[in-house]
Every structure is written in C-alpha cells, then in structure tokens.
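Please keep the sequence and the structure in view while reading.

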Amino acid sequence: MKLFDVYPINNINITKGIGSLVYDDKGQEYLDLYGGHAVISIGHTNPYYVKRLEDQLHKIGFYSNSIEIPLQKQLAEKLGHVSGKEDYQLFLVNSGAEANENALKLASFYNGKKKVIAFSGSFHGRTSLAVAVTDNPKIVAPINETDNVIFVPWMDEAALEQAFNQNEISSVIIEGIQGVGGIQVAPESFLQKIRSLCDTHNAVFIADSVQCGYGRTGKFFSHDFAGVNADIYTMAKGMGNGFPIGGIIIAPKILPAYGMLGTTFGGNHLACAAALAVLEVIEQENLMQNAATIGDYLITELKKFKEVKEVRGRGLMIGIDLPAEYASVKKDLLFKHHIFTGEAKPNVIRLLPALNLTKAHADRFLESFATVLKSTPVLTA
C-alpha cells in the first residue's frame with residue numbers, strides 16, 4: 001500500500017523540535033515561522049506541555065463521553081477565564097472543520113433556518129458543510145454543493161444587507177482574519193455590522209477562530225478587536241499545540257439538548273490535558289502580550305521593505321504581499337536560509353509562528369528576508 005498522493009511536499013524529514021526551532025534527519029536546523037499551519041502555539045516539545053501529557057498517559061488516555069470527564073470541566077473553566085467568555089458553553093471536537101460543521105448545524109437547530117452567509121476568500125474546512133461555505137470550487141465535490149450558502153464579497157456591507165433580505169438566514173460565518181485568503185483582516189465596522197444584522201434577523205454570528213484565534217493576534221479572539229461578541233466561536237489549530245482537538249464555545253441563549261451534538265473522540269482525556277497545558281502556558285508566560293509585541297515589531301520592520309506591496313495582519317498572524325517577480329521567496333527562505341513560512345495565493349508569505357517567538361528569531365527572519373529579496377532577480381520590461 002502507498003499513501004494517497006494529495007499533498008505537494010518538501011523533501012524534508014523533520015525529526016525533532018524545540019521552541020521555534022526544528023531539525024531534520026540530517027541534523028539541519030530550521031527556524032519555524034509557520035508552526036504547521038498555526039498549530040504550534042507554545043513551541044515544539046514545550047517541557048510543561050510534555051509533562052502534562054505524559055502524566056495523563058500514566059492515568060488514562062481515553063474514555064467516551066458516557067462518563068464524567070473532570071478535565072473537560074476544568075478546560076471549560078480555564079478557557080472561559082483566559083478568553084473572557086466565562087458565561088459561554090463549551091463543546092469539544094477534534095478539528096477545525098468539525099468545529100465549523102457543528103457550529104453551522106447548531107445555528108440551524110437554534111433558529112430553524114438553513115441559509116448561511118459566507119464571504120469571498122473564505123476557508124472553513126473540508127467536511128460537508130464546512131467546505132460548502134469555503135470559497136474554493138476546486139475542493140467542493142458535487143455532493144457538497146448546496147443552494148443554502150450565499151457568498152458575499154469581502155467587506156461589502158451593502159451586499160451583506162441585501163443577502164439578509166431573503167429572511168431565511170440561519171447564520172453568518174466569518175474569519176476574523178482570513179488565513180488561506182491571504183491574511184485579510186476583517187474591519188471592525190464590518191464585524192459590528194454582522195452583529196447588528198444577526199440581532200435584527202435572529203441569525204447566529206459564527207466567529208471562525210480556527211486559525212486567527214487562541215491569542216495569536218494579541219487578543220484571544222481576533223474578532224474581539226471589534227468590541228462585539230459572536231454567538232459561537234470555533235477553534236482548533238493552536239488549541240492543542242499539535243494534539244488534535246477543536247471546540248466551539250456557545251452563547252448562553254443557545255440551549256443544549258441530549259443528542260443535539262455528539263462525538264466519540266472529542267474531549268478525550270489526553271486532548272483536554274494538552275489543551276489545558278496550552279492555556280496554562282499562554283497565561284503564565286503572558287504569550288498574548290508577546291504575540292502583540294513581537295508581531296508589531298515584525299509588521300513595522302516588514303513595512304520598510306520597498307519590494308513589499310503590502311503587509312497585513314495582527315500580532316503573529318502576518319501576510320507579506322509580494323509582486324509576482326518574487327515568487328521564489330518562500331522556496332529560497334526554506335532551502336537557502338532554512339526558515340519555514342507559509343503562503344497564500346497568488347504570492348503572499350504567511351507567518352504563523354509560536355506565540356513565544358523571540359525578538360532574536362524575528363531578527364533572524366528579517367535578515368534572511370532582506371538577503372533573499374536582494375538576491376532575487378527582478379524582471380524588467
């Protein structure tokens with residue numbers, strides 16, 4: 001048997017990691033500014049995190065949601081405290097797609113409606129409903145296609161108001177900062193407009209925080225910059241620092257009922273131990289403030305490069321928009337300077353490092369980035 005070949009991969013075998021550094025099987029060191037799609041939130045093999053998981057492994061790793069799991073209640077309490085959403089309710093799953101899937105389903109249960117407003121450039125996952133609200137026809141199979149999704153142009157308030165005229169809107173789902181869409185920051189006024197329209201039409205405001213949440217922007221949820229609360233927040237990636245876990249937190253007005261939602265693996269003992277460790281480290285080491293400080297520094301320095309078209313983002317979620325002639329920059333950073341970054345089409349470098357990234361590592365990137373830009377041949381007409 002061989003692997004189902006759906007990933008374009010780099011010929012690099014990472015075998016070890018510590019903090020923001022990873023090492024391949026030949027001993028080569030790399031600076032990790034991508035964290036495996038924003039997953040590594042407190043650094044590779046964080047000692048506190050490793051100990052928390054190891055201790056739990058010696059107790060019990062898994063049992064189903066048919067019994068009391070005190071770790072789930074501890075996680076709900078800690079998440080409420082760190083996020084500031086203490087009156088919300090927590091439902092645990094295993095991934096970001098599952099989180100969005102359950103959020104959309106729960107919204108429809110709540111108001112009995114079935115239309116969803118999503119936005120151009122959006123990415124919400126690859127499962128049935130999540131991919132249906134994702135703006136990428138290439139990954140939407142015929143079986144996922146539905147007339148229940150209305151795509152509205154990004155930041156178009158008039159089109160958003162027009163979409164609500166159908167009076168069947170169950171929910172609006174929006175990333176506070178689009179990740180795959182190229183690090184596009186949702187304006188605060190736009191998020192406030194969504195809140196207002198959802199209140200008027202009894203629709204559910206779903207804040208997709210899978211990539212842009214969990215302290216990455218300097219606030220726990222990037223939507224919080226708008227000063228309004230969503231009805232459901234979805235999360236995953238940075239939640240477990242590499243251990244698969246996702247969740248939704250749900251406003252008190254949405255009431256639960258037995259059988260409404262369910263999961264086998266969601267909220268298992270190991271997943272909760274991992275998530276608790278992440279929140280404890282974020283809190284103890286003041287990592288949201290570090291993300292804001294180092295992120296502001298990086299954004300300020302990156303804006304000084306004349307070759308850069310635009311720098312977008314907040315905290316440690318940064319997009320560097322480059323002209324087409326700099327298409328080789330990501331590859332050169334990886335193979336010539338041993339720095340992992342991400343990308344978004346057509347030519348945006350994405351930085352999604354651990355929240356405890358140091359200024360020294362930020363400077364190491366900036367120096368390499370400057371070198372790569374200078375050494376890139378610029379095509380002239």
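## The setting of S122

S122 is buried, with a relative accessible area of 4%, where buried means under 20% relative accessible area, exposed over 50% and partly exposed in between, computed with a 1.4 Å probe on protein chains only. This residue belongs to the loop between β5 (115-119) and α5 (128-132); helices (H or I, at least four residues) and strands (E, at least two) are DSSP runs, numbered from the N terminus. This is a predicted model, in which local features need pLDDT of at least 70 and side-chain atom pairs count only at pLDDT 80 or more, while totals for chains, interfaces and linings use all residues. Residues are numbered from 1 along each chain as its sequence is written, and side-chain values use heavy atoms, with hydrogens and water left out.

A polar atom of the S122 side chain lies 2.8 Å from the backbone oxygen of F119. Not counting residues up to four places away in sequence, S122 touches V133, T134, D135, F151, E175 and Q178, contact meaning heavy atoms within 4.5 Å.

## The loop residue I139

I139 is found in the loop between α5 and β6 (149-152), and with a relative accessible area of 22% it is partly exposed. Leaving aside its neighbours within four places in sequence, I139 is in contact with F123, R126, V131 and T134. For one of these residues, R126, which is 13 residues from I139 along the chain, the two C-alpha atoms are separated by 7.5 Å.

## The mixed sheet

4 strands form an open sheet in the order β1-β2-β3-β15, and their pairing is mixed; two strands are taken to pair if DSSP finds at least two bridges between them. The edge strands, each pairing on one side only, are β1 (14-18) and β15 (339-340). Strand β1 runs antiparallel to β2 (residues 21-24), to which 4 bridges join it, and I14 stands opposite D24 in β2.

Helix α11 (residues 359-375) lies across β2, β3 (29-32) and β15, running at about 100° to β3. Such axes are lines fitted to C-alpha atoms, for helices over the stretch in contact, and the angles run from 0 to 180 degrees between N-to-C directions.

## The antiparallel sheet

A further open sheet of 4 strands has the order β13-β14-β17-β16, with antiparallel pairing. Its edge strands are β13 (310-314) and β16 (342-344), each of which pairs on one side only, and the twist averages 25° from one strand to the next. Helix α9 (residues 287-302) packs on this sheet, touching β13, β14 (317-321) and β17, and the direction of the helix makes about 10° with that of β14. Over 3 bridges, β16 pairs in the antiparallel sense with β17 (residues 348-351), where V348 is the bridge partner of A344.

Strands β13 and β14 run antiparallel and are joined by 5 bridges; they form a hairpin with 2 residues between them, and G315 in the turn has a positive phi of about 55°. R314 lies in strand β13 and stands opposite M317 in β14. The side chain of R314 also makes a polar contact (a pair of N or O atoms within 3.5 Å; within protein, one must be able to donate a hydrogen and the other to accept it, and residues adjacent in sequence count only if both atoms are side-chain atoms) with the side chain of E188, at 3.0 Å. Leaving aside neighbours within four places in sequence, R314 is in contact with residues including I177, V185, R216, F225 and I299.

## Nonpolar cores

A nonpolar core is a set of buried Ala, Val, Leu, Ile, Met, Phe, Trp, Tyr and Cys residues joined through side-chain atoms within 4.5 Å. Of the 87 residues in the largest nonpolar core, F119, I194, L302, I320, F365 and F369 touch the most other members. Helix α8 (residues 269-284) supplies the largest share of this core, 12 residues. Apart from it lies another core, of 21 residues, among them A107, V133, I206 and I232.

Not counting residues up to four places away in sequence, F369 touches L302, F305, V308, I320, L322, V329 and L333.

## Overall dimensions

The secondary structure of the protein comes to 11 helices and 17 strands, and 54% of its 381 residues count as buried. Among contacts with a separation of 6 or more, residues 24 or more positions apart account for 73%.

The C-alpha atoms fill a box of roughly 60 × 55 × 45 Å, taken along the principal axes. With 381 residues, a compact globule would have a radius of gyration near 21 Å, and the 21 Å of the protein agrees with this; the radius is taken over C-alpha atoms, and the globule rule is 2.2 Å times the number of residues to the power 0.38.
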